[in-house]
Amino acid sequence: PTMINEEKIKILKETGLASIVLGLQGSDRINKEIYNRRTSKERFLEIAHMLRKYDIAGRYDIIIRNPYATEEDEIEVVDTLIKTPKPFIIGEYPLAFLPETELTKRACNDKIISGRLSYYDSPSGFGTESERFPYLATIRTMSPFTPSRISSFFLKIHKRKLGRILIPIYNIC
C-alpha cells in the first residue's frame, strides 16, 4: 500500500493489469503493534476505491488466528471490509510464527507458544479467531458479496441475540 498511487495504477491498467492482491492483514492496532506495518485502514480503503475506479479486481488478504487480536480488532477489520468496494475476494491466512522473528520471540515471552521453532508453525493452542469470534467471522466472510448496509446491520447487532438468530437465516437465503 505504501508504493501504490493513482498514476501507477493507471499505467498498470493500461498495460493489462486485471487484478491485484493487497494486504489488509488486521486492525490498525494489530498492524502497528504486532506486524510492525504502518499502513492504515484509511489508506487501504483509498487504494481499494482506486482499484474499483479503474475496474481492477481486488483480493484482500487477512491474517486470522491471531492470539493478540481482540474483539475490537476483529470488529475494525469487519467494518473495513464492509466499507470496501464490492465485489472483491478475501484471502485468509493463519498467523504463522516463523523462527527467529520478533513476533515469535514475543509470543514465546508471552507464553503463547513455547520453545524454539525450527519450521513454519501456526499453533492451534489458542484456538482460531473464528472460534473466538464466530459471529464476526461470519460477517467477514459474507462481506465481499453482501450489500454494505446489510453487513453493517449485522455488525451493529453483533452482541444481541437477534443477530445470532438472523445471520444463519440470512446465510441460508
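1. Let's start with the overall layout. From the N terminus on, the elements of this protein run α-β-α-α-β-α-β-α-α-α-α-α. That order comprises 9 helices and 3 strands. Please keep in mind as you read on that this is a predicted model.

2. A few words on packing and surface. The protein has 173 residues, and buried ones make up 45% of them. Looking at contacts between residues at least 6 apart in sequence, 73% join residues at least 24 apart.

3. The structure holds 1 cavity of 30 Å³ or more, and the largest cavity contains about 70 Å³ of space. Its lining is made of 15 residues, and those closest to the centre are Gln25, Gly26, Ile63, Glu74 and Val77. Strand β2 (57–64) and helix α4 (71–83) are the elements that give two or more residues to this lining.

4. Is Arg140 buried or exposed? Its relative accessible area is 3%, and buried means under 20%, so Arg140 counts as buried. The side chain of Arg140 also has a partner, making a polar contact with the side chain of Glu92 at 2.6 Å.

Terms used: Residues are numbered from 1 along each chain as its sequence is written. This is a predicted model: local features need pLDDT of at least 70, side-chain atom pairs count only at pLDDT 80 or more; totals for chains, interfaces and linings use all residues. Side-chain values use heavy atoms; hydrogens and water are left out. On a 1 Å grid over the protein atoms alone, a cavity is a set of points where a 1.4 Å probe fits but cannot get out, and a pocket is an open set with protein on both sides within 12 Å along at least five of seven lines; lining residues have an atom within 4 Å of a point. Grid points are joined across faces, edges and corners, and a volume is the space filled by probe spheres set on the points. Helices (H or I, at least four residues) and strands (E, at least two) are DSSP runs, numbered from the N terminus. Buried means under 20% relative accessible area, exposed over 50%, partly exposed in between (1.4 Å probe, protein chains only). A polar contact is a pair of N or O atoms within 3.5 Å; within protein, one must be able to donate a hydrogen and the other to accept it, and residues adjacent in sequence count only if both atoms are side-chain atoms. Contact means heavy atoms within 4.5 Å.
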